[in-house]
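Hi,

Have a look at it first, then read on.

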Amino acid sequence: MFKRPYRKRIYRKKVCILFVQIVNRNLGDQVIADNTEYLVRQALPRLARQHYVLQHYDIQSEDYELARQADLMLFDGGGIIKYRQEEFYRHVPELLALAQECGIPVYFNSVGVEGYDAGDARCIRLAQALRYDCVKGISVRDDLETLRRDYLKDSAAGTMAVDPAVFTPQAYGIQKDAQSQVIGLGIVRYRIFEDYGIPQVTREFQLELWQGIAKELERRGYAWQLFVNGLRSDYDFALEVLRYMGREGEADTLLAPRPVQSSELVQTIAGYQGVIACRMHANIIAYALGIVSVGLVWNDKMVFWGERIGCPERFLTSGQFTPDQIVQCLTDSLAQGVQPCPAALKNSVQKPLKKFIRRYGRAAWKKNRAQHLKKPAGWSGRLVAAALGGISMRYTNMNTPQGLAGALEGGFQIFEADLRLTVQDTALAQDMPMQQKLVCVNGWSKGTLEKLGADPQRYQKGMDYETFMKCRMYGSYETMDAAQLFARMRGMEGDWKLILDIGKPNKEALAQIIGQLQALCEAGADWKEHLLLRLQSKYDVETVQEAGLLVQVMYYVPPKQVRQEKNITLDAIGKFCKKRGIAWVSMPKEALDEEVMAYLKKQKLKSCLFTYNRYTDVLRALELGVDWVATSYLSVKELESWYEAGYTIVIR
């Protein structure tokens, strides 16, 4: 008799691509990453894209437990084959050693090669790692000869490619403003020339040069504006240039806002008729958008780029740094225009990348399909969005609406916010005393005030409410008060939690904080199910509980060294928690050890740890028994998709 076939679900791991990128506030590196990610997603098999997942990985993070889960490893681009600057000579070999051990295929996409020295141990270490069997391909944007001859020892494995940023218009959906009459002047930190062996281009030389360029542009009838790629050091020097010109008061029009997202940098450059810039990717973005640019060279990579696009004369070296020569080069270039990026150049990065993903992705999919996997416990019940969530793996401890929105989109259900009182405006206090208000800010430290764009000397004791609410974190992200935070949380569904950190207030401030929180809690129901308050002293706990505030208390466990200095024992902490009916404790990562976790488990106390941004560390904390781990960078959704089991139905 014919036996009817049956369908069986076979669980299999998705194909996980570790997307290794340079994470910093020079947004040129982020433009590379965004363009490469655009190309990766284009290269995924059209009918099986849902079976692939990308995990963003900071090359400097050393998050090796996360990397071990990868099926493919992709270095997105940028100048990483180098050893004199930064520490890629260490990070790249360590990642490659892990890939070699785990059998993970690796591809380097359009990376930069910056020199070779057989007598430098750092260079040799990097070269040896690049010859591992796990490295399946390397495409470079500049010095292919040095890669093949020195790093790979005459191997033909390396190929020439253009920088991925040439896909900027497609990746961002941004086009140039064809009507613009403004020339963008891209400023770089003044020490960069000295750092790269050009000591004659001093700070004073550059100040005089930029002033001369601006005057020459004006003489020829051009408007101009300074801009930067995102680094604070670049922006500070741009302000210094304006002061040197005596035009600091015109900064609102003569200096573009400091970008915090790569799309903002692209949009800024798209608004120029032409560009004179020091940063390589300011020039590449301009080229991709069809905007003429003149580069002021401090690194050979810019010379390679000029040769690659057939315009070497537009990249000037230090001997050509005179205002007249630079502006004349721009004028001549504007008359010639920009030729569209040839298809052959675009294919040089697109085709090898696609070949790698299709070939090794298919192999990984076949290997994974036979695995029987269980879906792990949800990360939304373990991870806490610290300070309402960081942004883009760069900006943290901000407590902003944008951070909260990103955390919600990232799948978080547990959030932490810092609350502090504002101070009275002394200029107004004499006529009309103003109540101090609770706002979302991580204290009034120098670092926080600089993020707010405020003078640390003026606001050492804090800011008044009106001034704070007008500030923007990094000049871009909105500030928020406690009332706005509660209004946003009030309508949320599900078993969400909000941890409030009020720091270490004095008695008068604590009374004000309690009063304002009571007023906010009265405006909603069941707050006690959702709110936890981090407190650091017995007095604060007793005062809050006696006031009947609708929150659960989260008591503080200091690091071991602090406990020893202040003669605080774990037993004393446990007895106090039991006496006050406290179920939760919070602790900094420095307090985490087996002794602490064994005691908390014995006392049946739940714990929340602040703050880890590597999966490697989070995993260790969870294994030791921590209940919640706060993070600024990790994403609940990314981790869930990274480990989630897919399935297929097989006819048997």
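Helices here are DSSP runs of H or I with at least four residues, strands are runs of E with at least two, and both are numbered from the N terminus. Helix α3 itself covers residues 88-102, and its 15 residues should span 21 Å at 1.5 Å a residue, which agrees with the 21 Å between its end C-alpha atoms. (The expected span is 1.5 Å times one less than the number of residues.) On the buried side of α3 you'll find Phe88, Tyr89, His91, Val92, Pro93, Leu95, Leu96, Leu98 and Ala99. By buried I mean under 20% relative accessible area; exposed is over 50%, and partly exposed is in between, with a 1.4 Å probe and protein chains only.

Before you go further: this is a predicted model, so local features need pLDDT of at least 70 and side-chain atom pairs count only at pLDDT 80 or more, while totals for chains, interfaces and linings use all residues. Residues are numbered from 1 along each chain as its sequence is written, and side-chain values use heavy atoms, with hydrogens and water left out.

**Pocket and cavity**

The largest pocket has a volume of about 1,000 Å³. Its lining runs to 40 residues, with Ile391, Ser392, Met393, Tyr633 and Glu638 nearest the centre. The elements giving two or more residues to that lining are β2 (15-21), α1 (27-43), β3 (52-58) and α16 (401-409). Helix α1 provides the largest share, five residues. By type, the pocket lining splits into 14 nonpolar, 18 polar and eight charged residues.

Asn283, Tyr287, Ile291, Val292, Ser293, Ile309, Cys311, Arg314, Phe315 and Val338 line the largest cavity. At least two of its lining residues come from each of α12 (280-288) and β12 (292-296). The cavity lining is made up of seven nonpolar, two polar and one charged.

On terms: on a 1 Å grid over the protein atoms alone, a cavity is a set of points where a 1.4 Å probe fits but cannot get out, a pocket is an open set with protein on both sides within 12 Å along at least five of seven lines, and lining residues have an atom within 4 Å of a point. Grid points are joined across faces, edges and corners, and a volume is the space filled by probe spheres set on the points.

**Cores**

The largest nonpolar core has 112 residues, and Trp210 and Ile269 have the most contacts inside it. Helix α15 (residues 343-368) gives the largest share of this core, eight residues. A second, separate core has 108 residues, including Val553, Tyr555, Ile582 and Leu609. (A nonpolar core is a set of buried Ala, Val, Leu, Ile, Met, Phe, Trp, Tyr and Cys residues joined through side-chain atoms within 4.5 Å.)

Leaving out residues up to four places away in sequence, Ile269 touches Phe227, Val275, Ala282, Ile285, Ala286, Leu289 and Ile291. Contact means heavy atoms within 4.5 Å.

**A few single residues**

Cys278 sits in the loop between β11 (274-277) and α12. Cys278 counts as buried because its relative accessible area is 1%. Beyond four places in sequence, Cys278 touches Gly186, Val188, Phe193, Trp210, Leu296, Trp298 and Met302.

Arg232 belongs to helix α9 (residues 232-245) and is partly exposed, at 39% relative accessible area.

Most residues other than glycine have a negative phi, and most peptide bonds are trans. Leu388, in the loop between β14 (383-385) and α16, has a positive phi near 70 degrees and is buried at 0% relative accessibility. Tyr474 has a positive phi near 55 degrees; Tyr474 is in the loop between β17 (472-473) and β18 (477-478). The peptide bond from Phe610 to Thr611 is cis, with omega near -15 degrees.

Cheers

Methods. Ala, Val, Leu, Ile, Met, Phe, Trp, Tyr, Cys and Pro count as nonpolar, Asp, Glu, Lys and Arg as charged, and the others, Gly among them, as polar.
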